[in-house]
Amino acid sequence: MAAPGGAEAEGVGASPAAPPLPAEPPAAPGLTRGPHRGGMAAPPLGPAVSVVFPGAVSRESCCRFACELLKHVLYQRHQLPLPYEQLAYFCRRPSQVGDMIKKPPSVDLASKKCQQVLTDLEGMLQHLEVIFSLTLVPRVLILLGGSAVSPKELYELNLEGVCVGSTEKSLKTTSCVRKLFHSLFIADVFSELKALPAMGTVVMLQGHRDCGVEWFRPKLNYKVPTRGRKLTVNLSCDGDISISASAPSSTTSVWEDYVWFQAPVTLKGFHE
Amino acid sequence: MDETAGDLKQELPNTCDNIQIHVEVHQNSISTAKKEDIRMSVLKLLNRHNIVFGDYKWTEFDDGFLNSNVQSVSIVDTELKLKERQPIDLSKSSLSIHIFHLNEEGPSSENLEEDNEDIVAANHWVLPAAEFHGLWESLIYDTEVKSHLLDYVTTTLLFSDRNVDSNLISWNRVVLLHGPPGTGKTSLCKALAQKLTIRLSYRYKYGQLIEINSHSLFSKWFSESGKLVTKMFQKIQELIDDKDALVFVLIDEVESLTAARSAFKAGTEPSDAIRVVNAVLTQIDQIKRYPNVVILTTSNITEKIDMAFVDRADIKQYIGPPSTAAIFRIYLSCLEELMKCQIIYPRQQLLTLRELEMIGFVENNVSRLSLLLKEISRRSEGLSGRVLRKLPFLAHALYIQSPNVTMKTFLQALSLVVDKQFEERRKLTDSV
């Protein structure tokens, strides 16, 4: 079940009893609110964080957002004991001569689980890069626990409002990632939540029907679940965007040929 | 007598006109083609081959589009409607085409008590699942068990769909399958759920199968068990709330839950157990109001089940051990599989029971092996489906041990293993 705080915030986001979760981070200086926000899908249940980038964003950046959010959620929601980079650093160290002391079997098991999740996650990140290079990805879902249709927690990254531009004419990836996480930290979406047991994480994303991706499995009947705790991260662009960048469209017909794909591996969380 | 039979035969081709033919189209797991496009291509395919004899399955197609997007196109369950194998004119029958994707991920588990994560209270599948693919076809029964169940649930869902007033006509959405162990009750429940999800895919986007471990509903804390049941059903309720999902709740060995009440009267069961039964009964009454739920239960010992529960079940289907005819078909399917895997080599066509009957059981080169198989089937009577399905394996392990054998040698080994099975059984009962 969701944490009490999270459950309250759900559905009645405007309720004064809900914890102080701002629907949007306070506007940073120099940031203008664009007209695109109005064109986005109706805000779903649960807290939402909106980030507006002052310019076009490249596809590579979009991919980084998804990857970084995935890593962040896994760590923040207790599926990884350390942030991904640290975990990879400690666990993937080539064993030195001094390390050859026999470890108790429980440690072995934990390290096996750790290796497994690292391998799976690495594969996932690589395949995310592939699919982002093949197609526009309007939405990404990170589903924790339960099954893809009834997860315990759901994190949605909505990229429908993003103007995708060429790498040269877009904002720098690092600054965009920094801005995204700045907004996430200000919104303080993770601190209220109760610790979770280790469970499986499923990644789903929308891509074009004919993008030709092979690793992800199409789920033509999939529908975004309405149960469970949900956090939406809405990304959009504003400011001086050159014509060459593909402008976002609020009409649904454009997204009609975009179908859900599910990653064929479930990331199995573990505790130390 | 003969005349009437002849008349009947002339009548028959007409009777198969205008029957409902179900065509299941298994879409490739990586295919993203639109359902309408697939439907068009499948219709074209069926137009080219518009006469079929009974069930038929295409796995290779001339059409490039079908080849790349579809695993198989199968005409299914014709034997449930038609007593005999006969030509079916597809252009004259009404076709319902069901296109589905299989979900490859295994079951996910639900835990009830947050402090002990290890005890799994329920397994939960998203249907149609790859795990249950082909299960329905592998279940062989004599009577029309399968078509009864299918028709029953279809009617149930139709009544709910049309909002029939349940105060005037009551139906409960509870199916109870009972019978000796190993007759495939649980498998039948799972296969039924899978089948219905595919059949009703035009109405429900996906199916969910929740298999409740009934023992996990008994808490170690006194007076907590009833609450566990409520919690379990709350989770199920959440799933039911999704109107696009068809939810199947499978309670296996239901007697372990409901036998408790009579034992309570005898004073051998703590009062906590009775709360579980009561909670289950009230919860079933609660969820049966929803149109998109079916409760499937199985039991080995019907007498022990609480009457209050038996009353709630609309269909109480007895599943008995298979008859000779069914055993013959089970063996035939096993041998077919072994020939496919080239363990039995060279391939030899066996006759079905019906074909044997047509030649009057005359022994000749063609029918010899089939008659031997019939004889083995007759001697196997009394064995359950579960045992029958493992006999080919045992036959190979005990008497053959070589990577490929002829059909004749294999049947001899099978015959030996059947004898051995009965011998073992006798020894077991003697020693008790």
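Is N163(B) buried or exposed? N163(B) counts as exposed, at 66% relative accessibility; here exposed is over 50% relative accessible area, buried is under 20% and partly exposed is in between, worked out with a 1.4 Å probe on protein chains only.

Before going on, a word on what you're looking at. This is a predicted model, in which local features need pLDDT of at least 70 and side-chain atom pairs count only at pLDDT 80 or more, while totals for chains, interfaces and linings use all residues. Residues are numbered from 1 along each chain as its sequence is written, chains are lettered from A and ligands numbered from 1 in the order in which they are written, and side-chain values use heavy atoms, with hydrogens and water left out.

Most residues other than glycine have a negative phi, and most peptide bonds are trans. Here are some spots in chain B that go the other way.

| Site | Feature | Value |
|---|---|---|
| L127(B) to P128(B) | cis peptide bond | omega near -5 degrees |
| Y345(B) to P346(B) | cis peptide bond | omega near 0 degrees |
| N163(B) | positive phi, not a glycine | about 55 degrees |
| R173(B) | positive phi, not a glycine | about 60 degrees |

P128(B) sits in the loop between β8 (122-127) and α5 (135-138) of chain B, and P346(B) in the loop between α13 (324-340) and α14 (353-358) of that chain. Helices (H or I, at least four residues) and strands (E, at least two) are DSSP runs, numbered from the N terminus. N163(B) is in the loop between α6 (145-161) and β9 (174-178) of chain B, and R173(B) is in the loop between α6 and β9 too. R173(B), though, is buried, with a relative accessible area of 4%.

**An enclosed strand in chain A**

Now over to β8 (residues 229-237) of chain A. Nine of its nine residues are buried, so the strand is largely enclosed by the rest of the structure. In a regular strand the side chains alternate between the two faces of the sheet. Both faces of β8(A) are covered: buried residues include L231(A) and V233(A) on one side, and T232(A) and N234(A) on the other.

What about its partners? Two strands pair if DSSP finds at least two bridges between them. Strand β1 (residues 48-53) of chain A runs parallel to β8(A), joined by six bridges, and V49(A) has V233(A) as its bridge partner. Strand β4 (residues 153-161) of chain A also pairs with β8(A) in the parallel sense, over seven bridges, with G161(A) opposite S236(A).

**Q262(A)**

Q262(A) lies in strand β9 (residues 258-262) of chain A and counts as buried at 6% relative accessibility. Leaving aside neighbours within four places in sequence, Q262(A) has contacts (heavy atoms within 4.5 Å) that include F216(A), R217(A) and, from chain B, E105(B).
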